[in-house]
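Hi there,

Here is the model I promised to pass on. Have a look at it first, and my notes follow below.

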Amino acid sequence: MRRSMKLAAVVLSGSLGMASLAACGAKSTDTNASSGSSDGLKVGMAYDIGGRGDQSFNDSAARGLDKAKSDLGVSVTEAEAKTGEAEADKETRLKNLIDGGYKTIIAVGFVYQQAVDKVAKDNPNVKFAIIDSNDKDQPSNVTSLVFAEQEGSYLAGVAAANKSKAHHIGFIGGVQSELIKKFEAGYKAGAKSVDPNIQIETTYLTTPPDFTGFNSPDKGKEAAQGQLDKGADVVYSAAGSSGNGAIEAVANAGKLAIGVDSDQASQPALAKFKNSIMTSMVKNVDTAVYSYIDSVKKGSPFTGVKLFDLKANGVSLATTGGKIDDIQDKLKAATDAITSGATTIPTTPAQ
């Protein structure tokens, strides 16, 4: 009788764990995960606003997760963020992944830092990775996966200044944060290294605690149109899926756009605008995600802060469409100067 009761309790516990995952918007992409199997490595991913399908930041993380599932045989579950959600919602999402049996969790985006710190402290046996954030006081079971966005953006600025016929370009940031300022700083420094007198428009869509600037294509479109009206002919957006709206406005005006995070000229959802996407500053979040999962699976997980810079192929410029083929010599010179240390890129915009 006691054995039967114990078995029933185990089954009930597993059912409650999966119910909690469903409640937080999690979706399993592996049969072992959906059955609650504890065999092998189980990885939970908590997305930033926009989630899988944003054609940008989250999709890059998703590619790394998909590769780990395919190549490493890990079980995975994904949990989606909600626009305008409270901090408690992020904590609940992470806790529900743990309750579902996921002891390796990747949080996509700096907005998770507070939640990760709290939940990781309460669950020292769970390994956490957070993308794009580094809290010096974070628990030892949290690893930061960060990028040298300023280096890739510097190259984007070099490309923009070389391609602009009006000597007038634009930058759109999704949320005015320390992270996005790195994109702005690098872009402006790169452009001015080519053309010191170039005019640069700057627009931020929202400021914290409003993070909808990463998931508002209409705001991106409006901001880009405003910069185009002022005379900009190349516009770089570091704004998540809001950048899709900016790309649309730029394409409709017959000007040039620079995408971000993923190679946006190769994204099916943006196919009709691909001829206007000059390049994309690719942040290889997929490489970071896969590398982290691989390190955990091998028993030697990354710890502390893991930087993916230009030298480590953490950032790069996409060449799809061939629109920057004619300036590859200039981009290579700029790249060599960065990787050799001859050029140091600022992380905050010049005043």
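Let me begin with a pair of strands. Strand 7 (residues 168-175) and strand 9 (residues 234-238) run parallel and are joined by 5 bridges. Within this pairing, Gly173 stands opposite Ala238 of strand 9. Please keep in mind that this is a predicted model.

Both strands belong to an open sheet of 6 strands, whose order is 8-7-9-10-11-13 and whose pairing is mixed. At the edges are strand 8 (199-206) and strand 13 (315-317), each of which pairs on one side only. If direction is ignored, neighbouring strands of this sheet are turned by 15° against each other on average. Helix 7 (residues 178-194) packs on the sheet, where it touches strand 7, strand 8, strand 9, strand 10 (256-261) and strand 11 (277-283). The direction of helix 7 makes about 170° with that of strand 7.

Helix 9 (residues 242-252) is worth a look next. It is mostly covered, with 9 of its 11 residues buried. These are Ser242, Gly243, Asn244, Gly245, Ala246, Ile247, Ala249, Val250 and Ala251. What do the buried residues of helix 9 pack against? Their partners are strand 7, strand 8, helix 8 (217-229), strand 9, strand 10 and strand 11. Just after helix 9 comes Gly254, which takes a positive phi of about 75°.

Is Glu149 buried or exposed? Glu149 counts as buried because its relative accessibility is 1%, and the cut-off for buried is under 20%. Apart from its neighbours within four places in sequence, Glu149 is in contact with Asp132, Leu179, Lys182, Phe183, Met281, Lys283 and Val315.

The structure holds 1 cavity of 30 Å³ or more. About 170 Å³ of space lies in the largest cavity. It is lined by 18 residues, and the closest to its centre are Phe57, Ile180, Phe214, Gly240 and Asp261. Which elements each supply at least two residues of this lining? They are helix 3 (57-72), helix 7 and strand 10. Helix 7 gives the largest share, 3 residues. By class, the lining of the largest cavity divides into 10 nonpolar, 3 polar and 5 charged residues.

The largest pocket has about 230 Å³ of space. Among the 16 residues that line this pocket, Glu85, Lys90, Val111, Pro209 and Phe211 are the closest to its centre. The pocket lining comprises 8 nonpolar, 2 polar and 6 charged residues.

Finally, some totals. The protein has 11 helices and 13 strands. Of its 351 residues, 56% count as buried. Among contacts with a separation of 6 or more, 69% are between residues 24 or more positions apart.

Happy browsing, and best wishes

Methods: Residues numbered from 1 in each chain as written. Predicted model: local features only at pLDDT ≥ 70, side-chain atom pairs only at ≥ 80, totals over all residues. Heavy atoms only, no water. Pairing = 2+ DSSP bridges. Helix = DSSP H or I, 4+ residues; strand = E, 2+ residues; numbered from the N terminus. Axes fitted to C-alpha atoms, helices over the stretch in contact; angles between N-to-C directions. Contact = heavy atoms within 4.5 Å. 1 Å grid on protein atoms, 1.4 Å probe; cavity = no way out; pocket = protein on both sides within 12 Å on 5 of 7 lines; lining within 4 Å. Points joined across faces, edges and corners; volume = space filled by probe spheres on them. Nonpolar A, V, L, I, M, F, W, Y, C, P; charged D, E, K, R; others polar. Buried < 20%, exposed > 50% of the residue type's maximum accessible area, 1.4 Å probe, protein only.
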